[in-house]
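Here are my notes on the model, point by point. Please read them with the structure open.

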Amino acid sequence: MIYDVKNETLPREDMERLQLGRLQALCERVYANVPFYKKKFDEKGVKPQDIKSLKDITLLPFTVKQDLRDQYPFGLFAVPKDQIVRIHSSSGTTGTATVVGYTKRDIENWGELMARSLAAAGASAADTVHNAYGYGLFTGGLGAHYGAEALGATVVPISGGATKRQVTLLRDFAPDVICCTPSYALFLAETGLEMGIDVRDLPLRIGVFGAEPWTNEMRQDIEKKLGITAIDVYGLSEVMGPGVAIECHEAQDGLHIQEDHFLAETIDPATGEPVGPGEEGELVFTTLTKEGIPLIRYRTRDLTTLNTVPCKCGRTTTRMKRVTGRSDDMLIIRGVNVFPSQIESILIETKGLTPHYQLIVEREGNLDTLEVQVEVTESMFSDEIKSLQREESKVMKNIKEFLGVTAKVKLVEPKSIERSMGKAKRIIDNRKKD
């Protein structure tokens, strides 16, 4: 089902005409109402009236996360405080928190876009949605919640944590859809088996997963262990929250960007220059309709490619490839670029290993070292030590051959790596402590 047929199936010319009009209005608005952007525009020597085509977006300045931190808390708001009805914020674990504000219309648009997203995933008003994204300042929980309600579905607002209770409610309430991080979905399946509940036997049929990068191999693992269709949803708090883009269940081949609300670009992360469709680059978004905190050319640090070919589902919107990693999460080990998702693909393809792993980076003298700790299954853990050592050597060899980096591999017992109720902590980089 296509929730908003008019806007999700616009011909390319009509979409670009709509985007240009909204981009021009946005530039006028932020130049007049946000001193930060007026200064940025003036420094670049550009005025709102200079934007005469979508290609002129390259004239505009970038916005980065540090800008939001520097303007903490309300320096980027484009409307008076009395028009802000909701505030969300990042955790601030790596610096000053980023703060975003929403007007009433922003909240309504968000709900509509998440309704579109859930419909694209295969959900309908007849469904019950088990929402295990965290509620509160994190945008995931409330974004999925209001989207499900806008769709007309029944919502179970369980939030994160209390995993055994969640499994019990999955059995008792028999939801059709689950929303959470992909790593937490696997944790739920694992916990269910410990409780004597096989999630595959429940009515659950769709999972809408986001908030952390995950691979196609992990998707296959989730679909196998939960007996569902696993759909990738994309969003980030600064731009809106979940629902910026979503896979359709018909194709599961790239995430449809809600282009009537978000203008997407991909750029070379090093130079800032645009890259073409089909070329990997850093994803950049301009929010075309946000009132509370509109953003011009926001650098997400997420790496992807864009595809403008219409999808077999009938939607004509540009699709973004599954995020392969973040330019600022990339590890450089002795000159080799490594993303957690690349190592994850190797681990999941290895029989006897689980998707629960951590990458530990140390500096020994002047050299960086990488250790991959990965849990094994119960059956493998009971094998002889020599068998485990052979498996460690095999994985080390695969990482070296496929990624060109030498890593120590340590197979650890089941459930020894800390589980997360939200984003899985994949990297422990002890070099930053030097």
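1. In which helix does Leu193 lie? Leu193 lies in helix α8, residues 182-194. Helices here are DSSP runs of H or I with at least four residues, strands are runs of E with at least two, and both are numbered from the N terminus. Leu193 is exposed, at 56% relative accessible area. The scale runs as follows: buried is under 20%, exposed is over 50%, and partly exposed is in between, with a 1.4 Å probe and protein chains only. Val167 sits 26 residues away from Leu193 along the chain, and their C-alpha atoms are 9.7 Å apart.

2. A word on the basis. The model is predicted; local features need pLDDT of at least 70, side-chain atom pairs count only at pLDDT 80 or more, and totals for chains, interfaces and linings use all residues. Residues are numbered from 1 along each chain as its sequence is written, and side-chain values use heavy atoms, without hydrogens or water.

3. Next, the partner of α8. Helix α7 (residues 163-173) crosses α8 at roughly 80°, and the axes come within 9 Å. The axes are lines fitted to C-alpha atoms over the stretch in contact, and angles between N-to-C directions run from 0 to 180 degrees. The two helices, α7 and α8, are therefore roughly perpendicular. That label covers 65 to 115 degrees; under 35 is roughly parallel, over 145 roughly antiparallel, and the rest oblique. From α7, the contact uses Thr163, Lys164, Gln166 and Val167; from α8, Tyr184, Phe187, Leu188, Thr191 and Gly192. Contact means heavy atoms within 4.5 Å. By class, the contact of α7 with α8 holds 4 nonpolar, 4 polar and 1 charged residues. Nonpolar covers Ala, Val, Leu, Ile, Met, Phe, Trp, Tyr, Cys and Pro; charged covers Asp, Glu, Lys and Arg; the others, including Gly, are polar.

4. Helix α5 (residues 104-121) packs on helix α6 (residues 139-151) at about 75°, with axes 7 Å apart. This makes α5 roughly perpendicular to α6. The contact of α5 with α6 has 10 nonpolar, 4 polar and 1 charged residues. Among them are Trp110 and Met114 in α5, and Tyr146 and Leu151 in α6.

5. Now the sheet. How many strands form the open sheet, and in what order? There are 4, in the order β10-β11-β12-β15, with antiparallel pairing. Strands pair if DSSP finds at least two bridges between them. Each of β10 (262-267) and β15 (325-326) stands at an edge with a single partner, so one side of each has no neighbour in the sheet. Strands β11 (residues 281-287) and β12 (residues 298-304) are joined by 4 bridges. Glu282 stands opposite Leu303 in β12.

6. Cysteines. The disulfide count is 0, with a disulfide taken as two cysteine sulfur atoms within 2.5 Å. The sulfur of Cys313 is 3.7 Å from that of Cys311, its closest cysteine sulfur, which is too far for a bond. Cys311 is buried at 8% relative accessibility, and Cys313 is buried at 13%.

7. Glu391, in helix α12 (residues 385-403), is buried at 15%. Beyond four places in sequence, Glu391 is in contact with Thr350, Lys351, Met380 and Leu411. Ser345, in helix α10 (residues 340-348), is buried at 16%. With residues up to four places away left out, Ser345 touches Thr215 and Glu217.
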